[in-house]
Amino acid sequence: MTATHRWRLLLFVLLSVALLPLRAQTAAQVVDIPTRPGVTQRFVHLAPDKPRAAVILLAGGHGGLRIFPNGSFGWGDGNFLVRTRELFAQQGLVVAVVDAPSDRQSAPFLSGFRQTPEHVADLKAVIAWLRDQTGVPVWLVGTSRGTQSAAWAATQLPRADGGPDGLVLTSTILSDPRSRAVPAMPLERVAVPVLVVHHQQDGCALCAFALTPGLMEKFTAAPRKELIAVSGGISRGDPCEAAAYHGYNGVEADVVGRIAAWITAH
């Protein structure tokens, strides 16, 4: 092989590697579906080949991701579930990263809205769309404040009425002086499998790991339930933000893999 050929081969390899993230991003699609009268719900959709299940990813904080038509985010791209969306897809899961609906695209976004009939209707529409498009089980997956959306919807929507096939709660809001925390919800209504994932060193005052056993006891009707206690990783900055243990910083791939394995185990 001549020096010219070697340089050409090296250039080809470098370009191929550089383009890998772009190829991954081209699989993403921005979808808008009608929900309530005059309201649409936007989400980023990733569809791997031969999917095993689908997950609706619900970010924490105020939840106003402000998804642009090109699939980029105006806010929240560092959130645990937002930044790991491609890891979920690599596990063979169809992904929908859900924004605030069209009538909540300014402050306070989903704050004060997560436990309303309107929010439940929006999530029901996303569940229905994914079921129609994929034919696979659809799970709600929330993190931090997103657990208040996911858990509440699961209490309000039985599977037979368009509800989810399963529920995953990560970094659950276990106490909250401003609104109803997840353990205060009527969790005995949830009759689908429930996975709770929580970092043992979560430093967020609303998410003390010591309260997770009490949460698990509330899911009396769940046919299958488990608590995965996470350890390790890196904690930086605000203990309630995504760069801390609260957001599984440094152990994302392991956590996503364990969630995917649990969802697809049965």
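Strand E7 (residues 194-199) and strand E8 (residues 225-230) pair in the parallel sense over 6 bridges, where pairing requires that DSSP finds at least two bridges between two strands. This is a predicted model, in which local features need pLDDT of at least 70 and side-chain atom pairs count only at pLDDT 80 or more, while totals for chains, interfaces and linings use all residues. Residues are numbered from 1 along each chain as its sequence is written, and side-chain values use heavy atoms, with hydrogens and water left out.

**Strands and crossover**
- Within the pairing of the two strands, Val196 stands opposite Leu227 in E8.
- Together with helix H6 (residues 212-218), E7 and E8 make a right-handed β-α-β unit; right-handed here means that, with the strands pointing away from the viewer, the path from the first strand over the helix to the second runs clockwise.
- Helices (H or I, at least four residues) and strands (E, at least two) are DSSP runs, numbered from the N terminus.

**Disulfide**
- Cys204 and Cys240 form a disulfide with their sulfur atoms 2.1 Å apart, a disulfide being a pair of cysteine sulfur atoms within 2.5 Å.
- The pair links distant parts of the chain, 36 residues apart, with Cys204 in the loop between E7 and H6 and Cys240 in the loop between E8 and helix H7 (252-263).
- Because the torsion about the S-S bond of Cys204 and Cys240 is about 90 degrees, the disulfide is right-handed.

- Cys204 is buried, with a relative accessible area of 5%, whereas Cys240 is partly exposed at 31%; buried means under 20% relative accessible area, exposed over 50%, and partly exposed in between (1.4 Å probe, protein chains only).
- Cys207 is buried at 0% relative accessibility, and its sulfur lies 4.0 Å from the closest cysteine sulfur, in Cys204, which is too far for a bond.
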